[in-house]
Amino acid sequence: MHRFVLLAALILICTVGWADDQSEIRQALTGGGVPQLTAPSFPRAEYFRSILTRPFRYTIEAPGSLRELAQDGKLNLTVNDVVRLVVQRNTTVWLARLDVQTSAVPVLRSQAPFDPRFTGSFNSSRAIQPTSSDLEAGRDSLETHSLTQSARFSYDQSFASGTNYTATFTGGKLATNNRYSRLNPSITSAFGFSAYQPLLRNRGFFIQKAPIVIARINQQVSRGRFEQTLTDTVQSALNQYWNVVQARENLAVLRNSLALSQKSYERDKRALELGALPPLDIFRSEAEVASRKVAVTTAEFRLQQEEDSLRRLIAADIDPDVRNLPLNLMDPPLPPGTLLSIEREAAIERALRSRPEMVNLHRQQAVNEISIRQAANSLKPDLRLTGSYTSSGLGRTYDPTGLLIPGGLGDALSEVFGFSKPTYGFGLTLNLPIRSRQAQADLAAAQIARRRDQYQERDLQQSVTLEVLNAVSQLEQSKANIAGATAARDLAKKNEEAEQRKYDLGASTIFFVLDAQQRASDAETQLLAARIAYRKAVISLQRTTVALLPEYNVVIDDALALK
C-alpha cells in the first residue's frame, strides 16, 4: 500500500508551479459580469427535469408596454421613454442580446474535457458445448455447461494540471460442470487505479484551461459588441426622435407661412374687387399660395415617414393598438439655457480608454497571446509519467483442514480491499516530434497576428480620435449656427413687419411682402435646423466618448438581464 501512496505523491509533485499561470487567467475566468450557463449534473433533480421536460415554444413578447404612454388618442413620448423602449423592445437590440447568450455556450462546451465520466457494463452468457476430450467433459455428461457473468465499472476524470486518472472495478463469475474446475463457481474481482501526468507538453493549468479562457474572453467580446450595438441603436433612435420634432416644427412653420400668404391673397382679392389692384398683380399672390400648399403637403408626408421610422425603432409598429396613434413628442427642440462645452483632449482620452471597440481589441490581443503560448506548447516533446495500481481478489475460503472451497463475492471483495494481491508499476512515455511543421506554422501565424493587432490598435486609435474631433467640431459649429440663425430670424421678422406696414401704406408692392414672408419662414426653418443639429451633435459626442448610455441611466448588465 505504501508503494501506491509514493506513486500518487510523485504524480502530484509534477503539478507544482501552477500558481503563476493561475494568476494570469483568474481575471478571464471570472466571466466579467457576463451571464454563465450551467449544466445540471447527475443525480440532482434538475438533471431529471431537463431530461423529462418537453421542449417549449418560445414566444416573442418584448417587455415595456406602450399602452401606458397612450393618452387622449396620442402616444406621448419623451427622449427617456424612447431610450427605455429601445432597450426593452428594439429587434436589433434583442438579436444582439441573444448573441451574448449564445456566446455562453462555447464557455460551457470548453469545460467538457474536465467533466468526470462514469461507465458501467454487465454481461451474462450461458453456453452448452460438445466436448472432444474427457478433460473437457462435464461430471455427468459429455457436454460442457457454463455460465459466465461479468461486470465492469469505471470512473475517469482530467484535471486542470493535465493529470488524468481512471478508477476501475471489475467482477466476474464462472460456473461450469467441468469436473476439473477447482473453484466452481469461480468469483473474481479487481480494483485498479491508473494515472498519467504530462511533464512537458500540455503540462500546467494555463495550457489546459486556455480554451476556457479564450471562450470567456470571446464572451466578453460579445458583451462589448452588444454595448456597441445598443449605443448605436439608441443614437439612431434619439436622432430619429429629433428628426420627427424637426419635421413637426417645420410643418408648423410652413402652415404659418401658408396662412400668411392666404391672408395676403384675400387682401389682394378684395383690393381687386374694389379696383385698387391691377388684375395681373393678383396672380403673384395666388401662385404663392399654391406653391406653399405644395410645400405643406410635402411636409405632412415627410412627417408621417419620420414617425413611421421612429415607431419601428421602438417596436410600436408591431402593436396594433398603438400603431396608428399620432406621436406627441414632448421634448422641445430649444436647447437648454447653457450649451454644452467640452475639452478636446479630455474627450479623446476618455474615448480611447472606454470605447467598446478599444476594449474588444485589447481582449483580442489577449486571445492572440494565449494562441502564441498554445503554439509554443505544441512544439514541446510529449513526455508523460504513468502509474498504475491494481488489487485482485478471488472468492474462496479454506475449511479447518486447509482444503480450498469456493467462496462468495464478499470473500473476493475482502481480498481486493485488503490489498494483499497488488500489481503496480510506473513508466515514462516520450513522443518526440523530429519536425512539426503544423505547430511551427501555428506559431508563426500567431506571432503575425500579434503584430497585426498592434497596427490595428493604432488604426483604431486614429479613427476614434478623428471621430471625437469631428464630434467636438460639429458641436461648436452647431452652437455658432444657433447664434447666427437666431439673429437672422429676428432680422427677418422685423423685415417682414416693415414690408407689411409699407404695403399697407401703399409704399410697397405684394412682391416684397411675399418675399419677406418667405425669408422669415426660411429663417425660422434654419433656426430649427440649427437647434436640431445641436441636439444631434450632443448625442454624437456622447456616443464617441461613451457617455450616451450613462446619460440615460442605461446599465449594460440590466439590459442583458431582460428575458
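Is F191 buried, exposed or partly exposed? Keep that question in mind; the tour will reach this residue in a few stops. The structure on your screen is a predicted model.

**The whole chain**

Start with everything shown as a cartoon. The protein chain holds 14 helices and eleven strands. It has 563 residues, of which 39% count as buried. Take the contacts between residues at least 6 apart in sequence: 79% of them join residues at least 24 apart.

**The six-stranded sheet**

Next, select the strands of the open sheet that runs in the order β3-β4-β5-β6-β8-β11, where the pairing is antiparallel. At its edges stand β3 (117-130) and β11 (422-431); each has a single partner strand, so one side of each lacks a neighbour in the sheet. On average, neighbouring strands here are turned by 15° against each other, direction ignored.

Now walk through some of the pairings:

- Strand β4 (residues 143-158) is joined to β5 by 13 bridges, and the two run antiparallel. Pick Q157 and you will find its bridge partner in β5, Y165.
- The hairpin of β4 and β5 has five residues between the strands, and G162 there takes a positive phi near 100°.
- Eleven bridges pair β5 with β6 in the antiparallel sense. Select F169 to find its bridge partner in β6, F191.
- Ten bridges join strand β8 (residues 382-394) to β11, again antiparallel. D382 has N431 in β11 as its bridge partner.

Show the aromatic side chains. There are eight aromatic pairs in the model. One of them is Y155 with Y165, a tilted pair at 6.2 Å centre to centre, with 40° between the planes. Because Y155 lies in strand β4 and Y165 in strand β5, this pair ties together parts that are ten residues apart in sequence. Y155 is partly exposed, with a relative accessible area of 32%, while Y165 counts as buried at 18% relative accessibility.

Move on to F191 and F417. Their ring centres are 5.9 Å apart and their planes stand at 35°, so this pair is tilted. The pair links distant parts of the chain: F191 is in strand β6 and F417 is in the loop between α10 and β11, 226 residues apart. Here is the answer to the opening question: F191 is partly exposed, with a relative accessible area of 26%. A residue would have to be under 20% to count as buried, and over 50% to count as exposed. F417 is also partly exposed, at 47%.

**The three-stranded sheet**

Now select β1, β2 and β7, which form an open sheet in that order with mixed pairing. β1 (70-71) and β7 (327-329) are at the edges with a single partner strand each, so one side of each is left without a neighbour in the sheet. Strand β2 (residues 74-77) pairs with β7 in the parallel sense over three bridges. Zoom in on L75 to see L327 of β7 standing opposite.

**Into the cores**

In soluble globular proteins, nonpolar side chains tend to be buried together. Which residues touch the most other members of the largest nonpolar core here? Select L77, F226, L230 and Y241: of the 50 residues in that core, these have the most such contacts. Helix α6 (residues 205-273) gives the largest share of this core, 14 residues.

Stay on Y241 and show what surrounds this residue. Leaving aside neighbours within four places in sequence, Y241 is in contact with L77, T78, V79, V82, L310, L329, M330 and D331. Apart from this core lies another one of 19 residues, including A351, M358, V468 and A537.

**Along helix α11**

For the last stop, select helix α11 (residues 437-504). At 1.5 Å a residue, the 68 residues of α11 should span 100 Å; the end C-alpha atoms are 95 Å apart, which agrees. Following α11 is G506, whose phi is positive, near 80°.

Terms used:
Residues numbered from 1 in each chain as written. Predicted model: local features only at pLDDT ≥ 70, side-chain atom pairs only at ≥ 80, totals over all residues. Heavy atoms only, no water. Pairing = 2+ DSSP bridges. Helix = DSSP H or I, 4+ residues; strand = E, 2+ residues; numbered from the N terminus. Axes fitted to C-alpha atoms, helices over the stretch in contact; angles between N-to-C directions. Expected span 1.5 Å × (residues − 1). Core = buried A, V, L, I, M, F, W, Y, C linked by side-chain atoms within 4.5 Å. Buried < 20%, exposed > 50% of the residue type's maximum accessible area, 1.4 Å probe, protein only. Contact = heavy atoms within 4.5 Å. Phe/Tyr/Trp six-rings, centres within 6.5 Å; stacked < 30°, edge-to-face > 60°.
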